[in-house]
Amino acid sequence: MDNEQSGVLERNQVIYDTGPPLTRGNVIQPRPAENETLRKSRKKKKPYYAGIDIVKILAVFMVVCIHTYLHDGMYYDSITGTKYILPVMFRWISYTCVPLFMISTGYLMKNKKFTAKYYLKLVKIVVIYFVVSVICMKFKQKTYNMDFSDPWTVMKGFFEFSHATYAWYVNYYISLFIFIPFLNITFKALETKNKRMIFVFLVVVFTVFARSLFLGFDSTNQIRPLPNYMSSGWYLAYYFTGAYIREYPPKRNLRNKLLMLSGLVIVTCFITWSTYKQSVANIEGKQIFTSYHFNDYGSYPVYLMTLFIFLLLFDITTRNKWVKLILRQVGSATLATYLISYVFDAKYYVAFNQKYPVIYDRWLHSMEIIGKNFFYSLLCGLIIHNLYNICSVLIKKSIIRLRAYLMETDINE
């Protein structure tokens with residue numbers, strides 16, 4: 001989630017022709033150096049690829065959105081009329097939050113190699129997780145009187161990612177992070193575009209589609225047409241999809257964007273209507289939110305929605321230095337923002353639910369609580385992220401000074 005920045009322009013570079021070299025007789029003379037103003041003007045023309053930052057910021061915002069269904073009771077409200085179609089649709093759009101992080105990881109990490117420098121970046125993830133876990137523990141201790149006096153229980157909670165309630169993603173991400181260099185070796189070993197395309201297609205088919213594709217309308221008597229033994233590896237489909245898009249980005253034009261938007265609308269309508277019909281028909285389950293096969297990050301409608309959203313946004317560029325600065329700052333703080341959002345969800349939803357006792361009314365006013373929680377979560381996430389960066393710089397400088405001092409001592413001796 002807190003991946004490398006993605007704004008470096010690596011494709012479609014503009015090559016400036018400075019003309020042929022000057023000659024004097026038969027001797028080739030170098031051209032005069034470009035003046036500072038010209039260099040600065042060319043630098044300004046180079047766009048910053050802000051799309052990945054936008055995708056990550058959208059994803060963490062949708063994390064806050066999806067958790068409103070967890071806290072406001074919408075999952076347990078009876079879906080009895082067409083007025084619930086919009087809440088169901090908004091739920092599915094928000095549900096792409098984690099998959100968007102996963103596909104962004106593949107896009108950003110495609111070129112990472114098996115080096116000590118790469119694995120040292122795990123330190124930042126672990127430290128931020130540890131800091132937010134401690135904050136969540138203090139919050140639970142004060143709010144719910146939870147006891148953290150037993151050292152074994154505390155240590156167990158850290159290793160099981162339970163102190164920070166939303167930290168399951170860290171569990172997933174660390175596991176993936178360790179294997180990323182080897183996944184990249186696999187991807188790069190396929191020499192041609194066609195081989196890589198077929199590879200990604202097969203991974204998607206036998207993890208995502210095999211997991212959630214069924215034939216027939218009777219949920220008790222449907223056929224699963226694809227072998228699903230590998231379906232638990234659905235997250236690899238997102239990673240390799242992101243890697244493939246980084247290697248072979250589609251052309252940036254209006255036609256492609258309209259195709260992506262059309263695909264997003266079609267799939268969103270399909271999964272929304274499917275969920276609505278299944279929920280209404282679930283009389284025994286009191287018509288609560290029901291989706292027999294798609295309520296999973298690894299289902300094919302969620303994968304397709306995520307893919308279309310990513311392709312709509314990933315190649316957005318900007319030349320405004322302030323926009324670039326803000327997007328880079330916010331995009332880098334998404335992990336801390338994600339994890340700390342639990343505190344504000346737990347703190348503010350009690351009063352919010354009391355203010356709006358009818359569950360459907362809570363959804364109608366959900367942006368009130370979503371905006372509030374996102375603002376506070378982002379503010380704390382930025383503070384945690386920048387404090388880590390400051391401490392990291394100070395520690396590195398201290399190590400450099402210590403090494404210099406030791407070297408000077410050895411020389412003097």
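Thr-337 sits in helix H14, which covers residues 334-355. Keep in mind that this is a predicted model. Is Thr-337 buried or exposed? Its relative accessibility is 0%, so Thr-337 counts as buried. The cut-off for buried is under 20% relative accessible area.

What does Thr-337 touch? Set aside residues up to four places away in sequence. Then Thr-337 touches Val-60, Ser-377, Leu-378 and Gly-381.

Let me step back to the whole protein. There are 16 helices and four strands. The protein has 413 residues, and 45% of them are buried. Now take the contacts with a separation of 6 or more. Residues 24 or more positions apart account for 80% of those contacts.

Next, a pair of helices. Helix H4 spans residues 97-109, and helix H10 spans residues 234-247. Their axes come within 6 Å. They cross at roughly 45 degrees. An angle under 35 degrees would count as roughly parallel, and 65 to 115 as roughly perpendicular. H4 and H10 are therefore oblique to each other. What is the handedness of the crossing of H4 and H10? The crossing is right-handed.

Who makes the contact? From H4 we have Pro-99, Met-102, Ile-103, Thr-105, Gly-106, Tyr-107, Leu-108 and Met-109. H10 brings Trp-234, Tyr-235, Tyr-238, Tyr-239, Thr-241, Gly-242, Ala-243, Ile-245 and Arg-246. How do these residues of H4 and H10 divide? Twelve are nonpolar, four are polar and one is charged.

On to helix H12, and two residues to look at here. Pro-301 lies in H12 itself. At 1% relative accessibility, Pro-301 counts as buried. Leave aside neighbours within four places in sequence. Pro-301 is then in contact with Val-267, Phe-270, Ile-271 and Phe-294. Now find Trp-92. Along the chain, Pro-301 and Trp-92 are 209 residues apart. Their C-alpha atoms are separated by 9.4 Å.

The second residue is Asp-315. Where is Asp-315? Look in the loop between helix H12, residues 300-313, and strand E4, residues 317-318. Asp-315 is buried, with a relative accessible area of 4%. Which side chain does the Asp-315 side chain meet in a polar contact? The partner is the side chain of Lys-257, at 2.7 Å.

To recap the single residues. Thr-337 is buried. Pro-301 is buried. Asp-315 is buried too, and its side chain has a polar contact with that of Lys-257.

Terms used
Residues numbered from 1 in each chain as written. Predicted model: local features only at pLDDT ≥ 70, side-chain atom pairs only at ≥ 80, totals over all residues. Heavy atoms only, no water. Buried < 20%, exposed > 50% of the residue type's maximum accessible area, 1.4 Å probe, protein only. Contact = heavy atoms within 4.5 Å. Axes fitted to C-alpha atoms, helices over the stretch in contact; angles between N-to-C directions. Parallel < 35°, antiparallel > 145°, perpendicular 65-115°, else oblique. Left-handed = near helix turned anticlockwise from the far one by under 90°. Nonpolar A, V, L, I, M, F, W, Y, C, P; charged D, E, K, R; others polar. Polar contact = N/O pair within 3.5 Å; in protein donor to acceptor, adjacent residues only side chain to side chain.
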